[in-house]
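Let's take a friendly walk through a protein model together. Have a look at the picture first, and then read on.

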Amino acid sequence: LRPPCLQALHTTREFLAANMNLPHVLTRLEQENQLSPDEVRSVQAEQTPVSRGSRLVEMLMDRRRQEPYDWLVRVLREEGQDFLVQEMEDRERDRERRYGIGEQQAAKPGKQMAQMDHSAQQAQVH
């Protein structure tokens, strides 16, 4: 999970938990194999709607993978909850500005790693 996305989840956790349409989000994430049935039950076992939303966000943060985050964004957009996505994207941009990560750099971490590996290989040859 890209650091700006992890930061976005962390800083918007309470806002997301209080405002997302959790039943729809859980159903869609389970359908897309981003959550197991046991994980869905674990979220649903929480006492309050906000604690259920918080539990989901914590699960996604713990995964530290980009795909579940991207699915959450997609599902929120499908549900018409763009204001939640906007808040997350604002936090991503804040993180990028604060730490000097440009949009191109942040958007292509795999390409950067390949370039770094290639540079390291070239250094070993010489």
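## The fold at a glance

In this predicted model, 69% of the contacts in the protein chain with a separation of 6 or more join residues 24 or more positions apart. The protein chain holds eight helices and zero strands, so its pattern along the sequence reads α-α-α-α-α-α-α-α.

Of the 126 residues in the protein chain, 32% are buried.

## Inside the core

In soluble globular proteins, nonpolar side chains tend to be buried together. Here, the largest nonpolar core has 27 residues. Leu9, Leu16, Met20, Val25, Leu56, Leu76 and Met88 are the ones with the most contacts inside this core. At least two core residues come from each of helix 1 (3-19), helix 2 (22-31), helix 3 (37-44), helix 4 (49-63), helix 5 (66-78) and helix 6 (82-99). Helix 5 gives the largest share, six residues.

Which residues does Leu76 touch, leaving aside its neighbours within four places in sequence? Leu76 is in contact with Leu16, Met20, Val25, Gln81, Asp82, Leu84, Val85 and Met88.

## A pair of helices

Now look at helix 2 and helix 3, whose axes come within 10 Å and cross at roughly 165°. Angles over 145 degrees count as roughly antiparallel, and therefore helix 2 and helix 3 are roughly antiparallel to each other. The crossing of helix 2 past helix 3 is right-handed. Leu22, Leu26 and Glu30 of helix 2 make the contact with Pro37, Val40, Val43 and Gln44 of helix 3.

Notes. Residues are numbered from 1 along each chain as its sequence is written. This is a predicted model: local features need pLDDT of at least 70, side-chain atom pairs count only at pLDDT 80 or more; totals for chains, interfaces and linings use all residues. Side-chain values use heavy atoms; hydrogens and water are left out. A nonpolar core is a set of buried Ala, Val, Leu, Ile, Met, Phe, Trp, Tyr and Cys residues joined through side-chain atoms within 4.5 Å. Buried means under 20% relative accessible area, exposed over 50%, partly exposed in between (1.4 Å probe, protein chains only). Helices (H or I, at least four residues) and strands (E, at least two) are DSSP runs, numbered from the N terminus. Contact means heavy atoms within 4.5 Å. Axes are lines fitted to C-alpha atoms, for helices over the stretch in contact, and angles run from 0 to 180 degrees between N-to-C directions. Angles under 35 degrees count as roughly parallel, over 145 as roughly antiparallel, 65 to 115 as roughly perpendicular and the rest as oblique. A crossing is left-handed if the near helix is turned anticlockwise from the far one by less than a right angle, and right-handed if clockwise.
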